[in-house]
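The sequence and structure come before the description.

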Amino acid sequence: MTEPATVKAALISQAIETPSWAYGNSGTRFKVFARPGVPRTPEEKLDDAAKVHEFTGAAPTVALHIPWDTVDDYAALAGHARDRGLTLGTVNANTFQDDDFRLGSVCHPDPAVRRKALDHLMACVDIMDATGSRDLKLWFADGTNYPGQDDIRERQDRLAEALAAVYERLGDDQRMLLEYKLFEPAFYTTDVPDWGTAYAHCLKLGPRAQVVVDTGHHAPGTNIEFIVATLLREGRLGAFDFNSRFYADDDLMVGAADPFQLFRIMYEVVRGGGLTADVAFMLDQCHNIEEKIPAIIRSVMNVQEATAKALLVDREALATAQRTGDVLEANAALMDAYNTDVRPLLAEVREEQGLDGDPMAAYRRSGWATRTAEERIGGQQAGWGA
């Protein structure tokens with residue numbers, strides 16, 4: 001059984017990156033729902049992110065999305081983050097919200113469009129240089145809707161060419177994180193549809209090309225923890241995008257749909273040394289109908305709770321049961337940990353760090369929501385504008 005002090009140390013060291021876009025307005029394909037107090041600038045997004053870190057103690061970095069977070073001075077933006085106890089994290093490229101990308105970006109049949117997409121990716125690396133960010137995250141909406149629309153193999157060649165150019169541009173301490181998605185918005189073929197495709201491209205590029213596992217980007221019934229275990233075993237798991245989905249890529253709060261799945265994933269992370277490796281734990285969520293900051297706080301807490309349970313698995317008893325073929329005892333070793341109420345343990349960890357044991361209650365008492373609703377009047381609220 002893992003000693004409580006070891007569990008606490010692991011939980012204290014865990015950092016969860018929050019996404020800038022989760023603080024802005026978002027919605028369905030039919031409507032974006034505006035809320036009072038939503039940030040109007042990247043700086044105000046960081047102000048909100050600082051509150052999440054203030055009350056959880058576990059969210060010290062914020063991911064940017066370009067051009068959603070475009071500013072004139074990225075070094076100044078990094079300074080704004082530092083002043084609030086944060087650092088700027090992953091830079092996310094956007095090659096899906098331009099009319100020219102209707103038939104794809106780096107996989108587009110027109111070389112001029114591919115050049116435009118590549119120029120954007122290179123500009124994102126320039127931003128990384130200015131902010132000190134380590135990771136460039138790439139998700140491509142590229143694909144086709146109809147058989148015969150484009151040549152599947154040639155699109156993979158175009159993708160490989162673009163990735164190689166970006167990889168060559170990266171600094172020695174920077175990484176490329178390649179994300180995959182089963183479908184949407186391309187309904188016939190998606191150019192990076194699964195972890196195997198992402199892994200194959202990363203393998204050719206080199207060790208600083210890593211795979212991102214978005215927990216919402218899989219077919220129903222997919223064993224995501226198997227993918228996690230395999231990528232960790234191969235040294236190619238670069239990051240998570242944590243969220244939940246009931247049907248497709250719903251971007252709901254992590255652990256909302258299937259907390260047991262999140263626990264199983266985190267057990268494989270613990271088992272494979274992912275807590276001490278360079279695996280980035282990021283949220284990728286859109287809070288359409290719920291309050292933004294409380295939803296992000298709750299998401300951070302959900303990841304912490306799943307991690308705590310994973311750390312409590314009696315790995316010695318589990319290994320013994322597995323070696324002897326005792327199916328029921330092996331399953332019980334996992335279930336005993338999963339059924340443990342770890343909330344008192346996490347409250348104790350927070351209090352030992354000088355934080356309130358209940359981050360949600362502490363945020364409610366802070367009055368931040370009322371203050372921002374009163375102060376953030378005028379201007380244009382941040383959001384993805386659908």
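A residue is called buried when its relative accessible area is under 20%, exposed when over 50%, and partly exposed in between, with a 1.4 Å probe and protein chains only. The model is predicted, so local features need pLDDT of at least 70 and side-chain atom pairs count only at pLDDT 80 or more, while totals for chains, interfaces and linings use all residues. Residues are numbered from 1 along each chain as its sequence is written, and side-chain values use heavy atoms, with hydrogens and water left out.

Helices (H or I, at least four residues) and strands (E, at least two) are DSSP runs numbered from the N terminus. Two strands pair if DSSP finds at least two bridges between them. A closed barrel of 8 strands runs in the order 1-4-5-6-8-10-11-12, with parallel pairing. Neighbouring strands of this sheet are turned by 30 degrees against each other on average, direction ignored.

| Strand | Partner | Sense | Bridges |
|---|---|---|---|
| Strand 11 (residues 237-242) | Strand 12 (residues 280-283) | parallel | 4 bridges |
| Strand 1 (residues 16-19) | Strand 12 | parallel | 2 bridges |

A280 of strand 12 is the bridge partner of A239, and M282 of strand 12 that of D241. F281 in strand 12 stands opposite I16. In a regular strand the side chains alternate between the two faces of the sheet. From strand 12, A280 and M282 point one way and F281 and L283 the other way, and all are buried.

Contact means heavy atoms within 4.5 Å. Angles run from 0 to 180 degrees between N-to-C directions, and axes are lines fitted to C-alpha atoms, for helices over the stretch in contact. Helix 3 (residues 74-83) packs on the sheet and touches strand 4 (61-66) and strand 5 (87-93), its direction making about 135 degrees with that of strand 5. Helix 6 (residues 195-205) lies across strand 8 (175-179) and strand 10 (209-214), and runs at about 160 degrees to strand 10.

The axes of helix 1 (residues 4-13) and helix 12 (residues 343-352) come within 10 Å and cross at roughly 65 degrees. That makes helix 1 roughly perpendicular to helix 12 (65 to 115 degrees). The contact is made by V7, K8, L11 and I12 of helix 1 and by L345, L346, E348, V349 and E352 of helix 12.

Note on methods: Parallel < 35°, antiparallel > 145°, perpendicular 65-115°, else oblique.
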